[in-house]
Amino acid sequence: MSTSTTRPPELVDTDVLIIGAGPTGLYAAYYAGFRGHRVAVVDSLPELGGQVTAMYPEKQIFDVAGFPAVKGRVLVEGLVEQAATARPTYLLGRTATDLVSHDDGVEVSLDDGTLVRAGAVIVTAGIGKFSPRPLPAGEGWLGRGMEFFVPSFEPYAGKDVVIVGGGDSAFDWALHLTGIARSIALVHRRDAFRAHERTVQQVRDSDVELITRAEVTRMSGNGVLQEVELDVDGERVVRPAQALVAALGFVADLGPIQQWGIEVQRRHVVVDSSMRTSLPRVFAAGDVTEYPGKVRLIAVGFGEAATAVNNATVAIDPAAKVFPGHSSEDG
């Protein structure tokens, strides 16, 4: 979801700065507003919603409490509406490059020169910056028939589509494009898949053609993609394709966060049960966190966001209560 924002002044003063505008960050923004804080949210992506918006806005999400199934886009729209009650300042399309924690606050520098002064920081950066793993045969074809993500299904209507990969994204997109694309072939280099067994079986039961022990060796077309060449267990196969989705996973990088002096373990930020990091006034929530028994679900991130905000509130004002009471109570 796009949000039009006016470039802020060189200096932004706020109570809570949230680094990451994915589902956890948006919920943290709402909850910080509920606790009466001024809120600012920074994200390197130009749109709200983080990975959900960038990678699977049209996919169904099944692990959010209260929703048997909800499209990523719809979930983000609801979170943005909820966060709006906090009247947050959004600093989108910018990266937090430096962080200095003081006894009385935190200063964060952004890559556009903006300095943010906050009473506390909550890092909700998910997996950090991510970049898709390249398809060697696809060099030069990005935007000319090849894509790494499927933000909208409409462009694939009536096309012959090849999806390369064996993980959840590849299988989910194959299922969602069924009945939209003219034909779908899912190509994977092995017979075994990383995707959830139930999803794999749904694809097997569909009209999707599974091609295993295969690799894309060449893509061709007059300006735009028209066909792909496969090596299928040593045999050359050429098939029509006007669209190819390279769902080979992605490489995640915490980027500058790793240089801030925060304790990091396996590319995740170590926190305690209060969501505190190793730096004063710096908290974290969501997929970016690491602690014994950690489970990476959106639902878990929501709870961690509330915990982080409540404990950040006490860091900002020692006289405040960690738990303010339920939001449904009357006065």
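The model is predicted, so local features need pLDDT of at least 70 and side-chain atom pairs count only at pLDDT 80 or more, while totals for chains, interfaces and linings use all residues. Residues are numbered from 1 along each chain as its sequence is written, and side-chain values use heavy atoms, leaving out hydrogens and water.

How many salt bridges does the structure hold? There are twelve, each being a side-chain nitrogen of Lys or Arg within 4 Å of a carboxyl oxygen of Asp or Glu.

Let's start with R213 and D191, whose closest N and O atoms are 3.5 Å apart. R213 lies in the loop between strand 13 and strand 14, and D191 in the loop between strand 12 and helix 5, so the pair ties together parts that are 22 residues apart in sequence. Helices (H or I, at least four residues) and strands (E, at least two) are DSSP runs, numbered from the N terminus. D191 and R213 also belong to a network of salt bridges with D233.

Next come E209 and R239, with 3.0 Å between their closest N and O atoms. E209 sits in strand 13 and R239 in strand 16, so this bridge joins parts 30 residues apart in sequence. Buried or partly exposed, which is R239? R239 is buried, at 15% relative accessible area, whereas E209 is partly exposed, at 38%. Here, buried means under 20% relative accessible area, exposed over 50%, and partly exposed in between, using a 1.4 Å probe and protein chains only.

Finally, K294 and E304 meet at 2.8 Å, N to O. K294 is buried at 14%, and E304 is buried at 4%.
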